[in-house]
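Thank you all for coming.

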Amino acid sequence: MSKTSNATGLTDAQRNAVAELMRVSPIADELGSRFTTAGYELHLVGGSVRDALLGRLGDDLDFTTDARPDDILRVLKGWAETTWETGREFGTIGAQRHGMRLEITTFRSEAYDGVTRNPVVQYGDSLLDDLRRRDFTVNAMAVSLPEHRFTDPYGGLEDLAARRLRTPGTPQESFGDDPLRMLRAARFAAQLRFAVDPDIVAAMTSMAADLDRITVERIRDEFTKLLSGADPVTGLRLLVDTGLAARFLPELPGLKLAIDEHAQHKDVYEHTLTVVSNAVRLEAGEGPDFILRMAALMHDVGKPATKAVGPDNRVSFHHHEVVGARMTKQRMKELRYPKDVTSDVVKLVALHLRFYGYGRGEWTDSAVRRYVTDAGDLLPRLHKLTRSDCTTRNRRKAAQLSADYDALEARIVQIQEAEDLARVRPDLDGNAIMELLGVPPGPIVGRAWRHLKDVRLERGPLDRDEAEAELLRWARDEGVI
């Protein structure tokens, strides 16, 4: 074990590790004994050891061994409830027992050839060599099973106590093996609030272009974890400062080009990071909401493209929410996010300005109904995004905006209770429309239905006679009857 100057921190870490390892040891030690009997080593390794030391070990455990994949499967046979081989080409066999997911990987030496996006896997026979190829020192620790012998050749325990991120070898060597590790450094800064060693930051900056060798799916998954971390803003700043964001999310550094219209922030970039922080705060212990955070991050990306300076030298960004929604859709499509996630984020970006103007008393009940109906299931998130977007330093203005939104939310509740806005439908259904107009199923019925829904939003609920009269009036105007 490496020496350290932070004895109290290490004692706490070791105490956490003992408690966590005791929790999983019935399975881990049992598995270790099976490997030992078969003539192989088995070690709990990497993130599992780190998280055990932090007192946050989950039910997904990572192991490393000198056994090859076929040997691993033989050891697991009759013991694991199920096994899978999706990671076999990387030397990894998965298994499950008593609700725990286990991944067992052969000692290996892994590197990218500098041309393709796929790692070249070579099996190894040494635990120390396996640990050296890992991304950071805090992930280069191992605990043997069932003996519980601790191996820490690169000072990971000391770095963990100091909450510091370093690489086992040089950062250039680590990032050359897998450029995604540069994103992972930013993710650990966001997720674990670790300070990133200056040598790592320098290497991230000089090697940012190497990220282009990584598949977009791996980049997306790492970025999603970063944005869902406890402190995403720290990770986002690191991505921008090192030039990594420009490789896969250029809209973010691009915000620095758009000075905000009220000169309340150094630039729209700083405003955006504040909005992300506000959104995290408004989650109020409900857990990270990626859709809300991504909408907060992207809500103003349309500003650089819509920036204009008027005769009075005031800067404006007219319709930036429309342009921003389009840009968001394209970027998330390129990052291959699921369509439903993309759709929700895009809708929030498109709607984030809708509230402004409410305080001037211009909103009718119809406008409130449309606000609720257009937001749909996203209304709670839209509330949070709109409140997060208020970053003015003018306390009186901030208080007024907050009061205005309080009033809008109260008004929404009032109308919802009276009209059940969550299920707004026309006052006549398709069957009634066909019967009254004497038409078969087809486009006319759809047009009539949409018209009656617009009337419902504009005027509120109609009784049967009013609805039928409105339908017949529309049909005459449209030449249907």
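Predicted model: local features only at pLDDT ≥ 70, side-chain atom pairs only at ≥ 80, totals over all residues.

Residues are numbered from 1 along each chain as its sequence is written, and side-chain values use heavy atoms, with hydrogens and water left out.

The protein chain has a mean pLDDT, the predictor's confidence in each residue from 0 to 100, of 87, and 89% of its residues reach 70 or more. Over residues 1-10, however, the pLDDT is below 50, and over residues 261-265 it stays under 50 as well.

Turning to the largest pocket, its lining consists of 40 residues, with D62, E103, R108, R184 and K225 lying nearest its centre. A pocket here is an open set of points on a 1 Å grid over the protein atoms alone, where a 1.4 Å probe fits, with protein on both sides within 12 Å along at least five of seven lines, and lining residues have an atom within 4 Å of a point.

Finally, the axes of helix 8 (residues 198-206) and helix 10 (residues 232-242), lines fitted to C-alpha atoms over the stretch in contact, with angles from 0 to 180 degrees between N-to-C directions, come within 8 Å and cross at roughly 55 degrees. Their contact, meaning heavy atoms within 4.5 Å, involves V201, M204 and T205 of helix 8 and L238, D241 and T242 of helix 10.

Terms used. Helix = DSSP H or I, 4+ residues; strand = E, 2+ residues; numbered from the N terminus.
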